[in-house]
Amino acid sequence: MLEEVERWLTRRSWSAADRPLDRLMAAKRGTTVSVVLPALDEEATVGDIVTAIRRELMEAVPLVDELVVVDSGSSDRTAEVAAAAGARVVHRDVILPRIPAVPGKGEVLWRSLMVTTGDIVCFIDADLREFSANFVSGIVGPLLTDPEVQFVKAMYDRPLGDVAGQGGRVTELVARPLLNLHWPQLAGFVQPLGGEYAARRSLLERLPFPVGYGVELGLLVDALHTVGLDALAQVDVGSRKHRHQDGQALGRMAAAIYRTAQLRLSRGHLVRPSLIQFERGEDGFVPRTHPVDTEERPPMREIGEYAARRAA
């Protein structure tokens with residue numbers, strides 16, 4: 001490990017318990033905080049997450065100023081459940097209608113900047129079970145108390161079923177090797193692909209957003225190049241439990257992440273942005289071709305509607 005990373009680990013890695021809520025409220029002053037949940041068919045979990053954030057971080061203490069669920073086309077009752085729990089729900093397709101939406105988590109996160117106003121934007125995945133409000137307060141905390149910090153990732157244990165520490169398979173097989181080999185300054189991040197992170201709006205609006213699963217790696221790498229390692233941090237929030245995807249879905253995720261890394265290494269385009277996987281059929285294995293996300297959204301500050309809103 002680089003000496004720079006060892007020093008960073010001692011200076012920029014904390015626990016959520018290091019900053020209790022009273023300290024955060026004292027530091028908040030006029031800073032506003034938006035929490036965004038990107039959601040697709042998450043009716044089983046989104047309500048509990050929204051309820052916990054509202055109860056503990058909006059009503060008990062006014063740490064969070066805005067709680068938005070961006071629905072990316074759910075076929076279940078995600079939107080209704082989230083609204084009933086107290087979130088403002090916005091459908092992905094009504095945001096920036098001039099630019100046709102494409103499927104993907106990164107697309108939703110990018111568009112969320114248009115419908116939120118907080119100085120700090122905190123992203124939380126909508127499929128978390130046994131959710132703790134520490135996920136939000138933990139990663140927002142350094143941004144409120146340290147003006148040098150720009151981008152904060154959550155770190156946590158990721159059990160796979162009842163087995164501790166076996167979640168995050170794409171992280172261990174793809175993302176961590178890529179980061180260690182090509183961006184060793186980022187080798188200290190425990191959960192580089194985790195969906196829970198917070199950043200200053202002034203940074204997020206300067207970054208391109210990969211539209212799909214590569215968004216977490218892309219934002220982390222681009223944040224490093226934009227503001228430097230010392231402006232990045234991570235906070236231990238305990239344990240993360242969520243729905244796990246099957247092996248083929250993880251393969252498609254891995255391909256998107258590899259493509260995101262390759263683009264940042266070469267700033268070119270893949271020759272064949274597709275992935276072939278195999279499924280067993282009646283007559284043997286059948287190849288299935290899946291597209292790999294190849295599109296990225298430009299920095300939000302380059303979008304005319306966003307600039308007009310900020311100027312208003």
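**Reading the sheet and its helices**

A: Strand β2 (residues 33-39) and strand β3 (residues 66-71) run parallel and are joined by six bridges. In this pair, alanine 39 has aspartate 71 of β3 as its bridge partner. The model is predicted, so that local features need pLDDT of at least 70 and side-chain atom pairs count only at pLDDT 80 or more, while totals for chains, interfaces and linings use all residues. Residues are numbered from 1 along each chain as its sequence is written, and side-chain values use heavy atoms, with hydrogens and water left out.

Q: What holds for the pairing of strands in general, and in what order do the eight strands of the open sheet lie?

A: Strands of a sheet pair through backbone hydrogen bonds, either parallel or antiparallel. Strands are DSSP runs of E with at least two residues, helices are runs of H or I with at least four, and both are numbered from the N terminus. Two strands pair if DSSP finds at least two bridges between them. Here the order is β1-β10-β7-β8-β5-β2-β3-β4, with mixed pairing. The edge strands are β1 and β4 (88-91), each of which pairs on one side only. On average, neighbouring strands of this sheet are turned by 25 degrees against each other, direction ignored.

Q: Is β2 mostly covered or mostly open?

A: A residue is called buried under 20% relative accessible area, exposed over 50% and partly exposed in between (1.4 Å probe, protein chains only). In β2, seven of its seven residues are buried. Val33, Val35, Leu37 and Ala39 lie on one side and Ser34, Val36 and Pro38 on the other, so both faces are covered.

Q: Which strands does helix α6 touch?

A: Contact means heavy atoms within 4.5 Å. Angles run from 0 to 180 degrees between N-to-C directions, and axes are lines fitted to C-alpha atoms, for helices over the stretch in contact. Helix α6 (residues 134-145) packs on the sheet and touches β1, β2, β5 (120-123), β7, β8 (197-200) and β10, its direction making about 145 degrees with that of β7. Helix α9 lies across β7, β8 and β10 and runs at about 135 degrees to β7.

Q: At what angle do α9 and α10 pack?

A: Helix α9 (residues 215-227) and helix α10 (residues 247-266) pack at about 25 degrees, with their axes 9 Å apart. The two helices are therefore roughly parallel (angles under 35 degrees). Leu217, Gly218, Val221 and Asp222 of α9 make the contact with Ile257, Thr260, Ala261 and Arg264 of α10.

Q: Is leucine 178 buried or exposed?

A: Leucine 178, in helix α7 (residues 169-182), is buried, with a relative accessible area of 9%. Leaving aside neighbours within four places in sequence, leucine 178 is in contact with Trp183, Ile257, Tyr258 and Ala261.

Key: Angles under 35 degrees count as roughly parallel, over 145 as roughly antiparallel, 65 to 115 as roughly perpendicular and the rest as oblique.
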